[in-house]
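Here are my notes on this one, written as a few numbered points. Have the picture open while you read.

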Amino acid sequence: AMSPQVFDDTVRNDPEVSSRTASHRFQELKNKLFVNHYFLLTKFLVPIAFTDVAVDIAEQFLNRSIAQAADVVETLASFGLAYVLVKFFVGVLGEVRQAGLVLVHDRPSYYKILICTLVG
């Protein structure tokens, strides 16, 4: 490890580094890191936002197509029934997924969760 005195002498002898103060260099480094972090965060969140908007738009198309159908009552009833059935099965599988994330460590514990899923 360099002692602070050796580091200061090295910085003073370097013409590119010595023209800037240490606080200025630190601020530049901090700005680069924050810009990079915000870029990565934006890169992660933008597809999620687009997906959320796409789900909302698809829901509006579905509502409009049900309202435009020739037999609205039957279409709405069948959609309601299908929606409840899908929510029922997806809800159970969602719980099993959470349990699997916590409880599965090896092959035998995987089989225990698989049996519980099939029985449930």
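1. Start with helix α4 (residues 72-103) and helix α5 (residues 107-119), which pack with their axes 10 Å apart and at an angle of about 165 degrees. Keep in mind that this is a predicted model. Two packed helices are described by the angle between their axes and the distance between the axes, so that pair of values is what to look at.

2. How do α4 and α5 run relative to each other, roughly parallel or roughly antiparallel? Angles over 145 degrees count as roughly antiparallel, and α4 and α5 are therefore roughly antiparallel to each other. As for handedness, the crossing of α4 and α5 is right-handed.

3. Which residues make the contact? On the α4 side, find L93, V96, A99, G100 and L103. On the α5 side, the partners are S109, I113 and T117. Sorted by type, the residues of this contact of α4 with α5 come out as five nonpolar, three polar and no charged.

4. Next, the rings: the structure holds three aromatic pairs. One of them is F88 with F89, an edge-to-face pair with 5.3 Å from centre to centre and 70 degrees between the planes.

5. Are F88 and F89 buried or exposed? Exposed means over 50% relative accessible area. F88 has 52% relative accessibility, so F88 counts as exposed. F89 also has a relative accessible area of 52%, so F89 is exposed too.

6. Now zoom out. Of the chain's 120 residues, 5% count as buried.

Definitions and conventions: Residues are numbered from 1 along each chain as its sequence is written. This is a predicted model: local features need pLDDT of at least 70, side-chain atom pairs count only at pLDDT 80 or more; totals for chains, interfaces and linings use all residues. Side-chain values use heavy atoms; hydrogens and water are left out. Axes are lines fitted to C-alpha atoms, for helices over the stretch in contact, and angles run from 0 to 180 degrees between N-to-C directions. Helices (H or I, at least four residues) and strands (E, at least two) are DSSP runs, numbered from the N terminus. Angles under 35 degrees count as roughly parallel, over 145 as roughly antiparallel, 65 to 115 as roughly perpendicular and the rest as oblique. A crossing is left-handed if the near helix is turned anticlockwise from the far one by less than a right angle, and right-handed if clockwise. Contact means heavy atoms within 4.5 Å. Ala, Val, Leu, Ile, Met, Phe, Trp, Tyr, Cys and Pro count as nonpolar, Asp, Glu, Lys and Arg as charged, and the others, Gly among them, as polar. Rings of Phe, Tyr and Trp (its six-membered ring) pair if their centres lie within 6.5 Å; planes under 30 degrees apart count as stacked, over 60 as edge-to-face and the rest as tilted. Buried means under 20% relative accessible area, exposed over 50%, partly exposed in between (1.4 Å probe, protein chains only).
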